[in-house]
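Please look over the sequence and the structure shown here before reading on.

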Amino acid sequence: MRIIVSPSDNAYFNIASEEFLLDSYPDTEIFLLYINAPSIIVGKYQNTLSEINLPVVEEKGIKVVRRLTGGGAVYHDTGNLNFSFHSKNTSGEFMDFSRFTEPVLHLLVEKGVPAKLEGRNDLLVDGMIFSGNAKLVRKNKVIHHGTLLIHSEMQILADALKVNPLKFVDKAIKSVRKRVTNLAPYFADGVSTEDFRTWLIEQVQKENPDSYIQPFSDEEIEKINALANQKYSTWEWNFGFSPDYNFSKAIKIPAGFIEVHLDVSNGIIQDAKIFGDFFAQAPIEEIENLLKNKKHEIEELRLVLSKINLQLYFGAASVEELLEVFK
């Protein structure tokens, strides 16, 4: 088994590295570890915008990345360790999460932490989740990856994933918010993400005597960066890939009450309706038509609105004020 510690904290790179390894080494057992700077990783079949608190994400500069596996959205930061096993697929074991979570559980039990696997794919301590796990089978290989909350910023986690459920109507798979906890308080002297990573590598080496540490080569890094640039850092993959949805939001600004309803397909606005008690000199349908076939993405909408004399439609309203109704 090849053990790889990612040299990067860029979520685009690290999520891309999983697909690169899957496609490049179909016969190699791999254990990958990485730590991301603040980011939200959404499941493949989720509507990204309905999983994130966009104003918080923008304010904090949090990356948003869609992964290859299903399941719910999770928050990553430097207090969170991520692990990923790449193994040959054995018939009938796809829903068995115990095989790949055993090294984590064995390590924690040895350290005196009463951790256990509960439900389908969660690791818990004292009834609270510290690790969520997901799987993918492709090309006769299984990717099993999971998060490990060590000393993550829980308030930012909660704020970044707190979404108004009334804004979206869709059939995408929704994340189920559960009580989560960090592992650091269960250690008398605390523990850093890097220390826990070292312990986990040692545990995997103990349970897999044939394992060896082999970092990414320069050539591999170049190819992963190319994949990250072409796919994992793009709006089309992270937002446009989302299932169809209906979006609605209302705000109150000095110019009046404004309510927007959008029909969105593949991230592109198909239809738009605007209501409110503002005073319009020109038909609001002109704005609605300009929004059609545009991305439901703030920078593109900012560009559209900045080219319009907004006073004709909304009175004394600024572009930034109006953008809030689309978030």
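Helices H1 and H6 lie roughly perpendicular to each other, because the angle at which they pack is about 110° and angles from 65 to 115 degrees count as roughly perpendicular. The model in which they are found is a predicted one. H1 covers residues 11-24 and H6 covers residues 218-232, and where the two helices pack, their axes are 8 Å apart.

On the H1 side, the contact is made by Tyr12, Phe13, Ile15, Ala16, Ser17, Glu19 and Phe20, and these meet a set of residues in H6 that includes Glu220, Ile221, Ile224, Leu227, Ala228 and Tyr232. Taken by kind, the residues of this contact of H1 with H6 divide into ten nonpolar, two polar and four charged.

## The protein as a whole

The protein has 327 residues, of which 52% count as buried, and its secondary structure comprises eleven helices and 15 strands. Taken along the principal axes, the box that its C-alpha atoms fill is roughly 75 × 40 × 35 Å. Among the contacts with a separation of 6 or more, 71% are between residues 24 or more positions apart.

## Aromatic pairs

The count of aromatic pairs comes to eight. One of them joins Phe83 and Phe85, whose rings are 6.1 Å apart from centre to centre, with 75° between the planes, in an edge-to-face arrangement. Phe83 is buried, with a relative accessible area of 0%, and Phe85 counts as buried too, at 5% relative accessibility. Tyr232 and Trp237 form another edge-to-face pair, with 5.7 Å between the ring centres and 75° between the planes. In this pair Tyr232 counts as buried at 0% relative accessibility, while Trp237, at 10%, also counts as buried.

Phe83 and Phe85 also belong to a cluster, in which ring pairs link them with Phe31. Tyr232, for its part, is one of the H6 residues that meet H1.

## Charges over rings

In two places a charged side chain is found over an aromatic ring. The charged end of Arg2 sits over the ring of Tyr25, at 5.7 Å from the ring centre, and the charged end of Lys111 sits over the ring of Trp199, at 3.9 Å from the centre of that ring.

## Two loop residues

Is Asp126 buried or exposed? Asp126 is placed in the loop between strand E8 (122-125) and strand E9 (128-138), and with a relative accessible area of 56% it is exposed, because the cut-off for that class is over 50%. Leaving out residues up to four places away in sequence, Asp126 touches Pro114 and Tyr186. Asp126 and Val113 are 13 residues apart in sequence, and the distance between their C-alpha atoms is 9.5 Å.

Ser152 also has its place in a loop, here the one between strand E10 (141-149) and helix H4 (154-160). Ser152 counts as buried, because its relative accessibility is 5% and the class takes in values under 20%. When neighbours within four places in sequence are set aside, Ser152 is in contact with Tyr75, Asp77, Gly79 and Asn182.

How values were computed: Residues numbered from 1 in each chain as written. Predicted model: local features only at pLDDT ≥ 70, side-chain atom pairs only at ≥ 80, totals over all residues. Heavy atoms only, no water. Phe/Tyr/Trp six-rings, centres within 6.5 Å; stacked < 30°, edge-to-face > 60°. Buried < 20%, exposed > 50% of the residue type's maximum accessible area, 1.4 Å probe, protein only. Lys NZ or Arg CZ within 6 Å of the ring centre and 35° of its normal. Axes fitted to C-alpha atoms, helices over the stretch in contact; angles between N-to-C directions. Helix = DSSP H or I, 4+ residues; strand = E, 2+ residues; numbered from the N terminus. Parallel < 35°, antiparallel > 145°, perpendicular 65-115°, else oblique. Contact = heavy atoms within 4.5 Å. Nonpolar A, V, L, I, M, F, W, Y, C, P; charged D, E, K, R; others polar.
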